[in-house]
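Subject: A structure for you to look at

Hi there,

Here is the structure I promised to hand over. Please open it beside this email and follow along as you read.

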Amino acid sequence: MGGTGATGIKLLRGLLERDERLKLIVRSRSKLPELLKNSPKVEVLEGNVLDMPEEELSLFLKDCRAVASCLGHSPDFKGIFGKPRNLVSGSVQRIAQAIAKSNPGKPVHFVLMNTAGNRYSDLGEKLLFKEKVITTLLRLCVPPFTDNIEAANYLREEVGRDNPYLKWVIVRPDTLLNADEVTAYEVHPSAIYEAIFNAGRVSRINVSDFMAELISDANVWEKWEGQMPVLYNAHA
């Protein structure tokens, strides 16, 4: 999901470079680059996850061993304040339910792109008072922020770590930058910068590289399963 976005496109290219076969759910096939439209390793289902019949969604996901979501709201007035306000959390929930319905022989791996602004309470991450104030205002006034938090909470609290059908990693990039090439980056179990007033930086292509590694490399997945790692560009 979210394969036509700025990070999602990079993730799909990275997975193709790793010789993965892809199934894409996109709202508009026309936004895909020709590389993805014409590849024999890519199957595209056009539509909105929130509106798809459960049977169709479950059938499409049936043979998938991993699912990735870079889904997000458009950065314009309609995307931020319009409907659906539960675009990310609702889609994550529907995907999880469709996977359970397909009854996979092995748990499917779910990689969710989230935000470093979402603190991981299981590790005792806490916000400074000034951050709590801003975060409360964001949750009240910026629906996409709340949507992202609810998507992560659904995986953590509803799916949990012992689900027989689904295992997850919630990837939390800090402030996103544009870059053309993968560079050195750091992955931490917990945030090492303040989320709002002293944020770190990471390129979208580095985020996509880490997500691709989670999907393609069993050792990377084993290290981070059931966690919410935070990404930063490495300091030179």
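Below is what turned up in it, starting with the sheet. Please keep in mind that this is a predicted model.

β3 and β4 run parallel and are joined by 4 bridges; here valine 67 has phenylalanine 110 in β4 as its bridge partner. With β9 (residues 230-233), on the other hand, β7 pairs in the antiparallel sense, also over 4 bridges. Look there for valine 187, which stands opposite leucine 231 in β9.

Is β3 covered on one face or on both? Both. Ala66 and Ala68 are buried on one side, and Val67 and Ser69 are buried on the other.

In soluble globular proteins, nonpolar side chains tend to be buried together. In this model the largest nonpolar core has 29 residues, and Leu22, Leu36, Val111, Val171, Met211 and Leu214 are the ones that touch the most other members. At least two residues come from each of α1, β1, β3, β4, β5, α8 and α9. The largest share, 6 residues, is supplied by α8. Another core of 27 residues lies apart from this one, and Leu61, Ile95, Ala151 and Leu166 are among its members.

Leaving out residues up to four places away in sequence, its contacts include Val111, Phe210, Met211, Leu214 and Leu231.

**Rings**

How many aromatic pairs does a search of the whole structure find? The search finds 1. The partners are phenylalanine 210 and tryptophan 224, arranged edge-to-face, with 6.3 Å centre to centre and 85° between the planes. Because phenylalanine 210 is in helix α8 (residues 204-216) and tryptophan 224 is in helix α9 (residues 218-224), the pair ties together parts that are 14 residues apart in sequence. Phenylalanine 210 and tryptophan 224 are both buried.

Another ring to visit is phenylalanine 60: lysine 23 lies over its face, at 5.2 Å from the ring centre.

**Two loop residues**

Aspartate 19 has a phi near 65° and is in the loop between α1 (6-17) and β1 (22-26). Asparagine 103 has a phi near 50° and is in the loop between α5 (87-102) and β4 (108-113).

Are they buried or exposed? Exposed means over 50% relative accessible area. Aspartate 19 is at 51%, so it counts as exposed, and asparagine 103, at 52%, counts as exposed too.

Enjoy exploring, and write back with any questions!

Best wishes

Conventions. Residues numbered from 1 in each chain as written. Predicted model: local features only at pLDDT ≥ 70, side-chain atom pairs only at ≥ 80, totals over all residues. Heavy atoms only, no water. Phe/Tyr/Trp six-rings, centres within 6.5 Å; stacked < 30°, edge-to-face > 60°. Buried < 20%, exposed > 50% of the residue type's maximum accessible area, 1.4 Å probe, protein only. Lys NZ or Arg CZ within 6 Å of the ring centre and 35° of its normal. Pairing = 2+ DSSP bridges. Core = buried A, V, L, I, M, F, W, Y, C linked by side-chain atoms within 4.5 Å. Contact = heavy atoms within 4.5 Å.
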